[in-house]
Amino acid sequence: MKDSVRKLEAYQAETPIEAVKDRYHLDHLARLSANESVAGPSPKVKAALRTALEDLDLNYYPDGQATVLRQALADLNQVPADNLVLGVGADELIQLLTRVVLTPGSNMVVPDPTFGEYGIHGDIEQVTTKKVPVNPDNGHIDFKALRDAVDDQTEMVWLANPNNPTGVFEPVAKIQAFLEDLPDDVVLVVDEAYFDFVKDANKTVAPLVARYPNLVVLRTLSKAYGLANVRVGYGIMQDPLYTAMQAVRLPYNLSNLQMAAGTAAVQDQDYLKQVVSDVWTERDKFQNFLTDNQIPFYDSQANFVWLDVGDAPKVGQQLLERGYQIKSSSSPSWVRIALGTPAENAGLQAALKEILGK
Ligand SMILES: Cc1ncc(COP(=O)(O)O)c(C=O)c1O
């Protein structure tokens, strides 16, 4: 076995909701720990799944090019269809990118904190992960420090925008300036899993892919589109990365059901707009609550907020016992709380106030 794999700790997947409810004798559990959508997908998704199931010959392999979904995503993003690599969630693209780009002994650069999957796959590929702390005052990326961390051995840089767990968004111009300054043989992955929730009009670097062959943009249908269980993600990139990724990807990674659900979801942009608008309302309310109660937080452009509660594991446990599951294992004092329904958010705020003695 590879030494790097022997030492690996598995990604902590979410405990199923029913199991948590049983364990803590809860009638209702607000799952606010995985940045899922409480709205769920467009009703058109289930209708499309029913039709797809009726029409499906289960004995034949699916369309390995996901032609219809690919075209829907190309139309949505105004990018060529042959710049899209589809995956079983953005997770699969993260895995594939590390597999394609990294050679053992090299390094990759990530902000700290950020999404843990990048580091896990870096470890598997036997590279060093160099972590560059975000600005502790506001969570913004320190682009100069990030650039300084890039050396002759660097093969990749990862930027989640907005970042997970901080929720902080970096303007497109800053990322482009960083890219201009980055050696051409270093791949920059901008993971836009939460970009739908950003209020700025100019919120994606996808149009830059045509100009920079070393830029990859990642997206997922797990968050704003409410399809976490369906597992659809995609990457936007040009050659030579596109061809390499298509060659390394498993040929039938998405089933026709995933494709049907994904296509119906991205074609219902009115529904998406409503979901995003509801998230904005709840995000504003939550951040106002934090300001009013002098609880430190970073300004979020995502569907979750990162806040300083003092003793993260303890507050996480106290909230769990009251029926609110949050992410409290990422930092000793900061926790990440996803936005739930208006009722869940109001209940959570009341519980937080009581626990923190505000
Ligand atoms: C920044 C970021 N990228 C990617 C993912 C993975 O998304 P998917 O469900 O598409 O695998 C997540 C999931 O939480 C995430 O937070």
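How many nonpolar, polar and charged residues does the shell around the ligand have?

Analyst: This is a predicted model. By class, the shell around the ligand holds 5 nonpolar, 6 polar and 2 charged residues. In total 13 residues surround the ligand, and the closest are G89, A90, D91, T220 and S222. Helix α5, residues 89–101, supplies the largest share of this shell, with 3 residues.

Next, the sheet. Its 7 strands form an open, mixed arrangement in the order β2-β8-β7-β6-β5-β3-β4. β2 (84–87) and β4 (128–133) are the edge strands; each has a single partner, so one side of each lacks a neighbour in the sheet. On average, neighbouring strands are turned by 20° against each other, direction ignored. β2 runs antiparallel to β8 (residues 233–236), and 4 bridges join the two. G87 has G233 in β8 as its bridge partner. Helix α4 (residues 67–77) packs on the sheet, where it touches β2 and β8, and its direction makes about 125° with that of β2.

As for the domains, the assignment gives domain 1 as 3–41 + 270–356 and domain 2 as 57–267. Taken over C-alpha atoms, their centres are 24 Å apart. Domain 1 puts 28 residues into the contact and domain 2 puts in 27 residues. On the domain 1 side, α1 (3–6), α11 (269–292) and β9 (304–308) each give two or more residues.

Conventions: Residues are numbered from 1 along each chain as its sequence is written. This is a predicted model: local features need pLDDT of at least 70, side-chain atom pairs count only at pLDDT 80 or more; totals for chains, interfaces and linings use all residues. Domain bounds come from an automatic or database domain assignment. Two residues are in contact if their C-beta atoms, placed from the backbone, lie within 7 Å. A residue is near a molecule or strand if its C-beta atom, placed from the backbone, lies within 6 Å of it. Ala, Val, Leu, Ile, Met, Phe, Trp, Tyr, Cys and Pro count as nonpolar, Asp, Glu, Lys and Arg as charged, and the others, Gly among them, as polar. Two strands pair if DSSP finds at least two bridges between them. Axes are lines fitted to C-alpha atoms, for helices over the stretch in contact, and angles run from 0 to 180 degrees between N-to-C directions.
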